[in-house]
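Thank you all for coming.

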Amino acid sequence: MRRLAPRPTLLAASTAAVAVALLPLVYLAVRTVEAGGPKLAEELLTTRVAVLAARSLGLAAVVTVACVLLGVGTAWLVTRTDLPGRRAFAVLAALPLAVPTYIAAFAWVSTVDRLAGFWPAALVLTLCSYPYVFLPVAAALRGADPAQEEVSRSLGRSGWQTFTGVTLRQIRPATAAGALLVALYVLSDFGAVSILRTDTFTRAIFVAFDLGFDRTGALVLSSVLVALTVLLLAGETATRRRGARYARIGGARRPPVRIRLGAVRWPTIGALLAVAALALGVPAVSLAQRLAAGVSRPGALGEVAAAAGNSLWFSLVGAGLTILLALPLGLLTARAPGPLTTVLDRLAYLAHALPGVVIGLSLIFFGINVAYPLYQTPWLLALAYATLFLPLAVGAVAGAAGQAPPGLEEVARSLGRGPWAVLRTVTLPLTLPGIGAGAALVFLTGMKELPATLLLRPTGTDTLATELWTHTAVGAYAAAAPYAALLVAISVVPTWWLVARSGLLDKEEHR
């Protein structure tokens with residue numbers, strides 16, 4: 001099918017959307033340059049910056065490696081072995097996504113006395129983040145044709161040689177994508193490292209601005225963190241370009257041969273249950289104990305309701321703005337691929353790589369000095385959500401538009417309908433499932449967003465996330481429990497949807 005010609009209107013709207021998403025990054029660069037070379041050098045060339053960089057990169061490396069091992073191993077067990085209760089274990093492996101890292105850290109700190117430091121932070125972040133590797137790898141293993149593995153075994157290669165030489169290469173793109181998400185997530189995490197008192201760039205940036213009023217220091221640290229994320233993205237892009245692609249042998253996909261676990265079946269089940277107990281059991285037990293203990297003061301239930309209402313409203317506004325910006329770029333990505341479209345898409349992902357604390361800090365500067373009417377309003381917070389979560393919506397819209405046959409649009413045009421009529425009556429209805437999915441993802445992710453919400457929420461207004469953080473910071477764990485429980489309950493819905501969409505819950509024949 002021929003490639004459709006680029007649409008100038010979509011291209012212009014997509015460029016405008018990316019420009020809005022990059023606004024915090026541009027403003028951050030301008031303010032950093034304004035600080036002057038000597039001042040920047042004084043702030044940058046210090047032992048503290050070197051220590052923060054080493055600790056942040058070290059934490060990202062440790063968590064990423066652990067998540068790859070745990071995610072790939074669990075995905076292989078669920079999709080390639082005769083593990084009993086495979087679908088149940090698939091759900092258990094994905095459910096940690098429903099637990100925000102700061103809630104997991106809150107649960108561990110309230111359970112284990114004096115828990116703090118690098119390795120506790122690595123443990124909590126690994127338990128919360130490994131589903132980012134598990135889900136894409138499990139989907140890749142489920143969708144891959146096992147013929148190449150069978151050919152490898154028929155040539156006399158052992159099961160381990162086949163796994164390392166064939167299977168891992170087939171799932172390499174999915175593994176790399178999941179590992180990148182984990183690394184970026186760890187670099188941008190604020191809640192867990194703050195609760196566990198681990199000094200990383202995100203925590204140092206927030207402290208410099210919120211407590212020390214050191215804007216130049218915060219700008220310098222933000223710029224270094226942005227540089228690290230850009231290098232990480234560039235490295236992943238280079239690796240992906242060098243990666244091989246593997247096509248299926250034959251037409252229809254055949255089910256895989258299930259590998260028998262034999263004597264290691266029960267130890268394997270025990271290991272998977274132990275991971276689930278650490279990732280889900282500790283938060284669940286901690287929240288249950290705190291809820292049973294009751295709230296800390298009268299009127300707290302009313303405050304929970306008020307915070308929930310604010311969370312819903314802010315997330316709704318953010319989802320609406322994000323979808324408005326994502327719609328043209330998603331349609332352009334699906335209908336007019338090309339170098340310029342690729343550049344716009346990558347720029348949107350660059351904004352997504354920025355941590356919420358940097359976005360919030362940049363938009364504070366922007367709101368005070370450039371767009372003061374937006375300062376201390378939900379619209380500035382909505383802009384932060386749009387910047388952070390634009391790729392989530394773009395991916396959902398582009399996926400739905402890509403599955404809709406463009407021939408229907410061509411037929412509509414051949415019947416005399418204009419471009420806007422075709423967009424309104426054909427393209428948008430076909431893309432509606434993707435629009436809804438993208439809006440739901442942004443809405444629910446915005447509910448859990450912490451650092452940008454802490455910095456940009458209107459004065460005197462709190463959300464579930466900010467109330468949880470505030471109570472946890474002073475050790476009021478019983479008061480924090482209702483906010484945490486409600487956030488987790490809401491987050492379970494999109495997590496279940498992700499598992500169902502991956503096909504892991506479908507019944508599958510096997511040989």
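Let us begin with Ser-491, which lies in helix α24, residues 477-501; here helices (H or I, at least four residues) and strands (E, at least two) are runs assigned by DSSP and numbered from the N terminus. Before I go further, please keep in mind that this is a predicted model, in which local features need pLDDT of at least 70 and side-chain atom pairs count only at pLDDT 80 or more, while totals for chains, interfaces and linings use all residues. Residues are numbered from 1 along each chain as its sequence is written, and side-chain values use heavy atoms, with hydrogens and water left out.

Is Ser-491 buried or exposed? Ser-491 has a relative accessible area of 3% and is therefore buried, where buried means under 20% relative accessible area, exposed means over 50%, and partly exposed is in between, using a 1.4 Å probe and protein chains only. Leaving aside neighbours within four places in sequence, Ser-491 is in contact with Ala-98 and Lys-448, and by contact I mean heavy atoms within 4.5 Å. Ser-491 and Val-99 are 392 residues apart along the chain, and yet their C-alpha atoms are separated by 7.2 Å.

Let us now step back to the whole protein. How many helices and how many strands does the secondary structure come to? There are 24 helices and zero strands. Of the 511 residues in the protein, 51% are buried. If we take the contacts with a separation of 6 or more, 85% of them are between residues 24 or more positions apart. The accessible surface comes to about 22,300 Å², and 67% of that belongs to carbon and sulfur atoms; such areas come from the Shrake-Rupley method with a 1.4 Å probe, and for residues only the protein chains shown count as cover.

The C-alpha atoms of Ala-396 and Gly-438 are separated by 5.1 Å, although the two are 42 residues apart along the chain.

In helix α11, residues 172-188, we find Val-186, which is buried at a relative accessible area of 4%. Beyond the neighbours within four places in sequence, Val-186 is in contact with Leu-59, Ala-60, Val-63 and Leu-125.

Thr-126 lies in helix α7, residues 118-129, and is buried, with a relative accessible area of 10%. Not counting residues up to four places away in sequence, Thr-126 touches Val-63, Ala-66 and Cys-67.

That last contact brings us to the cysteines. A disulfide is a covalent bond between the sulfur atoms of two cysteines. How many disulfides does a search of the whole structure find? The search finds zero, with a disulfide taken as a pair of cysteine sulfur atoms within 2.5 Å. For Cys-67, the nearest cysteine sulfur is that of Cys-128, 9.3 Å away. Cys-67 is buried, with a relative accessible area of 0%, and Cys-128 also counts as buried, at 7% relative accessibility.

**Two loop residues**

Arg-197 is not a glycine, although it has a positive phi of about 55°. This arginine is found in the loop between α12 (191-195) and α13 (201-210), and is partly exposed, with a relative accessible area of 49%. Gln-376, likewise not a glycine, has a positive phi of about 65°; the glutamine is found in the loop between α18 (356-369) and α19 (378-403), where its relative accessible area is 29%, so that it is partly exposed.
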